[in-house]
Structure formats: C-alpha cells, structure tokens
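Please look at the sequence and the model before reading on.

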Amino acid sequence: MSRIGKLPVPVPDGVDVELDGLTVTVKGPKGELTRTMPEGVELSRDDDGAVVVTRTGESRDERSRHGLVRALIANMVHGVSDGYSRTLELVGVGYRAIPKGSDLELQVGYSHPVVIEAPDGISFEVPQATRVVVSGIDKELVGQVAANIRKVRPPEPYKGKGIKYEGEVIRRKAGKAAAR
C-alpha cells in the first residue's frame, strides 16, 4: 500500500471539491483548477469531507499512480487556498528584472532585453531589481515558468553569475591555474 496514497486529502473551509468520475474540480478563494486523473484509481469522499484515493487493482501501473493522484489532488487543494510561489535571484553586474505590465523584462548580459510573457494564472513580482517572484495557483505551472526564466541565463560555476533559485547552492570551480 502506498504510504502517501492511503492518506486522505483534507479539504479546508472555503474550498469546494467536486468529483465526477476521474475529473476533479477544486474551487477556492484564489481560483479554480480542473484535472482529469489517470485510469486505475477511484476517488471518493469520506465522512469528514476529505478526498480518499483508492486503487482499482494491484498492477504496477495502478500502484505507481496511487500516490501520484493523491499528491496531485493535495497540490490542487493547497493551490486554490494558499497558492504557490517560486523566487529567483539574478546574480551578475548589470543583471536586473523590470516588470512590464503582466510581463517581465530581463536584462542579463545579452545585447537585447529578454521578455517573458506571463501565462494565464501566473503573476510576476519584482520586490528588488535582482529578485523575481513567480506566483500562481497551479504548482506545476509555477515551477515550469520559473524553470523557463532560469533557462534564459543558467548560473555558471566559475563566478556564479546567472539566474538561480532562491537558496540554490551553485558548486564553484577553480579558474585557470596561473602559469609559472
């Protein structure tokens, strides 16, 4: 039995979960998310209103999806109630981020600025010129947009310049050895 999959997903006050076969719709104060879950699981509610995920069989695929589906539902519930955010840091001389409406303009050492368009459900905050906060209700989308921003100028190992996640440790390398 999956240790994660067997745990019920508690539904806080102000969040409404609708189950229609394998389609889950979660509505909360921050918005609404809908997702169709893969085959091999059954979704139901218990007496407390929590969502319970059970698998239909014992095949390898069904066992592997048990914990996945439970985690996806828990992420949806957390997203519509609290939301998700990912913070990025720009390290380098002259590197900065500038909000342009709902989009983000990055100046990271190229001859031109790089414009990142915000997909639906994602917002950018720039509390400092070298810090960008990506936030939204869909954990998967927030992480993907943050990864796409990081991909514009990944951190390099010699001076540590680039765009990195907050708290990410960049392993540094020694530079060239001086000739004698």
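Helices (H or I, at least four residues) and strands (E, at least two) are DSSP runs, numbered from the N terminus. Glu-89 lies in strand β6. The model is predicted, so local features need pLDDT of at least 70 and side-chain atom pairs pLDDT 80 or more, while totals for chains, interfaces and linings use all residues. Residues are numbered from 1 along each chain as its sequence is written, and side-chain values use heavy atoms, without hydrogens and water.

Glu-89 counts as buried because its relative accessibility is 17%; buried means under 20% relative accessible area, exposed over 50%, partly exposed in between (1.4 Å probe, protein chains only). Leaving aside residues up to four places away in sequence, Glu-89 has contacts (heavy atoms within 4.5 Å) that include Arg-131, Ile-163 and Lys-164.

A nonpolar core is a set of buried Ala, Val, Leu, Ile, Met, Phe, Trp, Tyr and Cys residues joined through side-chain atoms within 4.5 Å. The largest has 21 residues, of which Leu-106, Val-134 and Ile-149 touch the most other members. Elements supplying at least two residues each include the following.

| Element | Residues |
|---|---|
| β6 | 84-91 |
| β10 | 122-128 |
| β11 | 131-136 |
| α2 | 139-152 |

The most comes from α2, with five residues. Another core, of 20 residues, lies apart from this one and includes Val-9 and Leu-43.

Residues lining the largest pocket include Leu-33, Arg-35, Met-76 and Lys-139. A pocket is an open set of points on a 1 Å grid over the protein atoms alone, where a 1.4 Å probe fits, with protein on both sides within 12 Å along at least five of seven lines; lining residues have an atom within 4 Å of a point.
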